[in-house]
Amino acid sequence: MKANARDIRAALERASSDYRLYLLHGPDASTAAELAGLLGTAMGPEAERVDLDGSMLKNDPARLADEAASLSLFGGARYIRVSGIGEESAEAIATLLAADRAGNPVVAIAPTAKATGKIVKLAIESRAALAFACYEPSSADAERIAAGLAREHGLRATSDAARRIAAAAGNDRAIMLREIEKLALFLDAAPDRPADLDDAAIDAVGADLGEAEQTRLVEALIDGHSAVLGQELDRAAEAGTSPIPWLRAIGRRLLALAEMRADIDAGGAVDAVLKRHRVFFREEAATTRALRRWSAPMLARALDRVRQAQRDIMAPANAGTVLADRAVAEIARGVERRG
């Protein structure tokens, strides 16, 4: 069945026995990871967690149903978390949903699955599954999310504070939550002892990731300036910021260029394409330069690499920021070699 945000969160928070599969699909890997974590919390700290991925299920489609029906090694609660699945896992999903029994819930993250794809269709058509599409929230939605998270932690956020937190986190819910937790600790706030959250508190904790710094990092990659990119990555590391916001900013820039590149390849004039896509006049020169340098295949490969870096960082027991640094450095070097 298809779920809305409230339904999927409620079902995961109580580990509802009504569903054997929770399918989280769509490009917002951060939201998917945060939702998947709710199931782990609901199952309890002693629950056994089994981690699988799409390649495992492709090679052994019956394994998912087998794991869902197996008893825990220690006789306690057990659940399965599957990362990075796509259409190659359709047989495994179908087998799970058709199985006679599946006592252990499965939460699956499918960042590349399309809403019209087979695995999403299987989940939507089954009463034993919930499917939820994870898309990056708009700026307005992200501000509301930030304000809501702040309230949950006893913080009365001003509109400016909520906006700054959302922008600093790149509209990423998980990062917003971490920043708000730091702010609540700094202000000694809790639901039973609320405190005001304003610009002064954010400045004191240093929750902002400057837009100027983020823009320089993005443009260094797009222009293929490896040395400049290295400097900006060092600055980001020194500030202790998560790479997710600037990875998302790079992704948005690559996607915008890809859409413009497609229009140009279809015969559109550069000036007309810039106007159609409402490129700010101060960015026209840089955008024109980028469109000359980047081909459609280059943009597609780079976008895939950036999205994979986001997924890798959100995965359990990952190598952290080095994954993002390596991905963007390799992209920049490729652009630099192209000249």
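**From a loop into the cores**

Tutor: Leaving aside its neighbours within four places in sequence, S89 is in contact with G54, L57 and I119; contact means heavy atoms within 4.5 Å. This is a predicted model, in which local features need pLDDT of at least 70 and side-chain atom pairs count only at pLDDT 80 or more, while totals for chains, interfaces and linings use all residues. Residues are numbered from 1 along each chain as its sequence is written, and side-chain values use heavy atoms, with hydrogens and water left out.

Student: Why is S89 called buried?

Tutor: Buried means under 20% relative accessible area, exposed over 50%, and partly exposed in between (1.4 Å probe, protein chains only). S89 has 0% relative accessibility, so S89 counts as buried. You will find S89 in the loop between β3 (78-83) and α5. Names like these come from DSSP runs, numbered from the N terminus: helices are H or I of at least four residues, and strands are E of at least two.

Student: What makes A90 buried?

Tutor: The value for A90 is 7%, so A90 counts as buried too. A90 sits in helix α5 (residues 90-98). Setting aside residues up to four places away in sequence, A90 touches K118, I119 and L122. A90 and V120 are 30 residues apart in sequence, yet their C-alpha atoms are 9.0 Å apart in space.

Student: How do you know how α5 and helix α6 (residues 118-125) are oriented to each other?

Tutor: They pack at an angle of about 10 degrees, with their axes 9 Å apart. Axes are lines fitted to C-alpha atoms, for helices over the stretch in contact, and angles run from 0 to 180 degrees between N-to-C directions. Angles under 35 degrees count as roughly parallel, over 145 as roughly antiparallel, 65 to 115 as roughly perpendicular and the rest as oblique. That is why α5 and α6 are called roughly parallel. On the α5 side the contact is made by A90, I93, A94 and L97, and on the α6 side by K118, I119, L122 and A123. The crossing of α5 past α6 is left-handed: the near helix is turned anticlockwise from the far one by less than a right angle, whereas clockwise would be right-handed.

Student: What makes a group of residues a nonpolar core?

Tutor: The members are buried Ala, Val, Leu, Ile, Met, Phe, Trp, Tyr and Cys residues joined through side-chain atoms within 4.5 Å. The largest such core here has 57 residues, and L155, W246, I250, L254 and W294 have the most contacts inside it. Helix α13 (residues 244-265) supplies the largest share of this core, 9 residues. Apart from it lies another core, of 26 residues, including L57, L64, A113 and I119.

Student: Which residues does I250 touch?

Tutor: Not counting residues up to four places away in sequence, I250 touches L217, V218, L221, V306 and V328. I250 also joins W246 and L247 where α13 meets A324, D325 and V328 of α17.

Student: How is α13 placed against helix α17 (residues 321-338)?

Tutor: Their packing angle is about 30 degrees, with axes 10 Å apart.

Student: Why is the pair of Y19 and Y22 given its name?

Tutor: Rings of Phe, Tyr and Trp (its six-membered ring) pair if their centres lie within 6.5 Å; planes under 30 degrees apart count as stacked, over 60 as edge-to-face and the rest as tilted. The ring centres of Y19 and Y22 are 6.1 Å apart and their planes lie at 65 degrees, so this pair is edge-to-face. Y19 and Y22 are both buried.
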